[in-house]
Structures are given as C-alpha cells and as structure tokens.
Amino acid sequence: MFNPFEDDSREYLALCNDEEQYSLWPQGIAIPAGWRTVYGPATQEEVLDRIERSWTDMRPKSLRNAGGQGECP
C-alpha cells in the first residue's frame, strides 16, 4: 500500500493549527479543517527542518498562554 507521507519524491507543506502544533503534509492532499499552511511546498527534508526550527515547545498553545508565545508564522 502506498503511503503519501513517506514519499521522498513529492513536495510537502508545513501545517499549523490553532493550538500552534505543526504537521508535515503531502502537497495535493486536502488540508484538514482547523489547519493552515505556514510553509511550502518544499522537499520533505526542508519542511521537516522548518518545523523543527519553528516548533520549539511541543505544548499546545492553551498550556503556554502564560508564557507569551507568538502565533505560527
């Protein structure tokens, strides 16, 4: 069975939700409700690098509110 999330030959997007959590997403597949594109399309490696640099605190926004963290770019 083909898994589009493991296809190194396609381009990907970085998605972010209202809780400022990120997801790697294959380009060309419908983006789920509640998520928006914040980077891409780019190679899987580039998108993962961007997510790693951007998502430095894995806690959902609702748990970080006191910390004053900004929104997804």
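A residue is called buried when its relative accessible area is under 20%, exposed when that area is over 50%, and partly exposed in between, as found with a 1.4 Å probe on protein chains only. The structure is a predicted model, in which local features need pLDDT of at least 70 and side-chain atom pairs count only at pLDDT 80 or more, while totals for chains, interfaces and linings use all residues. Residues are numbered from 1 along each chain as its sequence is written, and side-chain values use heavy atoms, with hydrogens and water left out. Helices (H or I, at least four residues) and strands (E, at least two) are DSSP runs, numbered from the N terminus.

Three strands form an open sheet in the order E2-E1-E3, with antiparallel pairing; two strands pair if DSSP finds at least two bridges between them. Strands E2 and E3 stand at the edges with a single partner strand each, so one side of each has no neighbour in the sheet. On average, neighbouring strands are turned by 30° against each other, direction ignored; the axes behind this angle are lines fitted to C-alpha atoms, for helices over the stretch in contact, and angles run from 0 to 180 degrees between N-to-C directions.

Strand E1 is joined to E2 by five bridges, and Ala 14 has Leu 24 in E2 as its bridge partner. These two strands form a hairpin with four residues between them, and Glu 20 in the turn has a positive phi of about 60°. E1 also pairs with E3 over five bridges, in the antiparallel sense; there, Asn 17 is partnered by Trp 35 in E3. Six of the six residues of E1 are buried. Tyr 12, Ala 14 and Cys 16 point one way from the strand, whereas Leu 13, Leu 15 and Asn 17 point the other way.

Helix H1 spans residues 44–54, and its buried residues are Gln 44, Val 47 and Ile 51. Seen down the helix axis, these residues fall within an arc of 70°, so they line one face of H1; the arc is that of the directions from the helix axis to the C-beta atoms. An α-helix has 3.6 residues a turn, so residues three or four places apart point the same way. The buried residues of H1 pack against strands E1 (12–17), E2 (22–26) and E3 (35–42), where contact means heavy atoms within 4.5 Å. On the other side of H1, Glu 45, Glu 52 and Arg 53 are exposed.

Aromatic side chains supply further links. Rings of Phe, Tyr and Trp (its six-membered ring) pair if their centres lie within 6.5 Å; planes under 30 degrees apart count as stacked, over 60 as edge-to-face and the rest as tilted. By this rule there are two aromatic pairs. Phe 5 and Trp 25 form an edge-to-face pair, 5.1 Å centre to centre with 80° between the planes. Phe 5 lies in the segment before E1 and Trp 25 in strand E2, so the pair ties together parts 20 residues apart in sequence. Phe 5 is partly exposed, with a relative accessible area of 33%, whereas Trp 25 is buried at 15%. The rings of Tyr 22 and Trp 55 have centres 5.9 Å apart and planes at 45°, so this pair is tilted. Both Tyr 22 and Trp 55 are buried.
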